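Hi everyone, thanks for coming. Let me put the structure up on the screen, and then we can walk through it together.

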Amino acid sequence: MADWHGVSGQTQRQARPTPTTTNPSTTFLTRLHENSPNSTRVIGFLTLIITGAVFLLLTGVTISATVVGLIFFSPLLLISSPIWVPVGALFFVFAAGVLCFCGFGVVVAAALSWVYKYFTGSHPFGSDRVDYARTRIADTASQVKDYAREYGGYLQSKVKDAAPGA
């Protein structure tokens, strides 16, 4: 700060040292040296290049093998297609049956687990709805029974009036 303020009140600035050589090749080399990557970046970049080249080579080999395989095996597939269509249909039906069987097995196991938890009293998810439905069914059955008792005698007396010998 003392460098900025002089005795006379005017601002004085120290001049930056300028390079004595202004050779363009020297400045390029110094910039290159300042921005040079470290060894970790270089190894990472080389690994990226090598891995990319290997994957590109493997992709080309895979595509070439697929095309050559299709060229050689297309006539065989066309000749044997009357066999492959029914085999494919049977495989589809078999796979669908196995998946359905496994799915139904999982559903049955889950249902049995839920029923076991319900009857042992651990109140699984949805047990409150089952209890509510059970009480509604019991109430409805009781109301139907009371209704039948009330109007059952009435109907029997009407039947006796209609057929006195019955």
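Let's start at histidine 123, which sits in the loop between H3 and helix H4 (127–162). Helices here are DSSP runs of H or I with at least four residues, strands are runs of E with at least two, and both are numbered from the N terminus. The phi of histidine 123 is near 50°, a positive value in a residue other than glycine. Is histidine 123 buried or exposed? Histidine 123 is exposed, at a relative accessible area of 56%; buried means under 20%, exposed over 50%, and partly exposed in between, with a 1.4 Å probe and protein chains only.

A quick word on the source: this is a predicted model, where local features need pLDDT of at least 70, side-chain atom pairs count only at pLDDT 80 or more, and totals for chains, interfaces and linings use all residues. Residues are numbered from 1 along each chain as its sequence is written, and side-chain values use heavy atoms, with hydrogens and water left out.

Now the overall picture. The protein chain has four helices and zero strands, in the order α-α-α-α along the sequence. Of its 166 residues, 2% count as buried.

Next, please look at helix H2 (residues 39–79) and helix H3 (residues 81–120). Their axes come within 5 Å and cross at roughly 70°; axes are lines fitted to C-alpha atoms, for helices over the stretch in contact, and angles run from 0 to 180 degrees between N-to-C directions. That makes H2 roughly perpendicular to H3, a label for angles of 65 to 115 degrees. Who meets whom there? Leu77, Leu78 and Ile79 in H2 meet Ser81, Pro82 and Trp84 in H3, with contact meaning heavy atoms within 4.5 Å. The residues of this contact are five nonpolar, one polar and no charged.

On to the record: an unreviewed UniProt entry lists residues 42–60, 67–85 and 91–116 as "transmembrane region", and such annotations may be inferred rather than shown by experiment. In the model, residues 42–60 are 100% helix and 0% strand, with end C-alpha atoms 27 Å apart. Residues 91–116 are also 100% helix and 0% strand, and their end C-alpha atoms lie 37 Å apart.

Last, the cysteines. How many disulfides are there? The count is zero, a disulfide being a pair of cysteine sulfur atoms within 2.5 Å. Cysteine 100 is partly exposed at 42% relative accessibility, and cysteine 102 is partly exposed at 43%.

Terms used: Parallel < 35°, antiparallel > 145°, perpendicular 65-115°, else oblique. Nonpolar A, V, L, I, M, F, W, Y, C, P; charged D, E, K, R; others polar.
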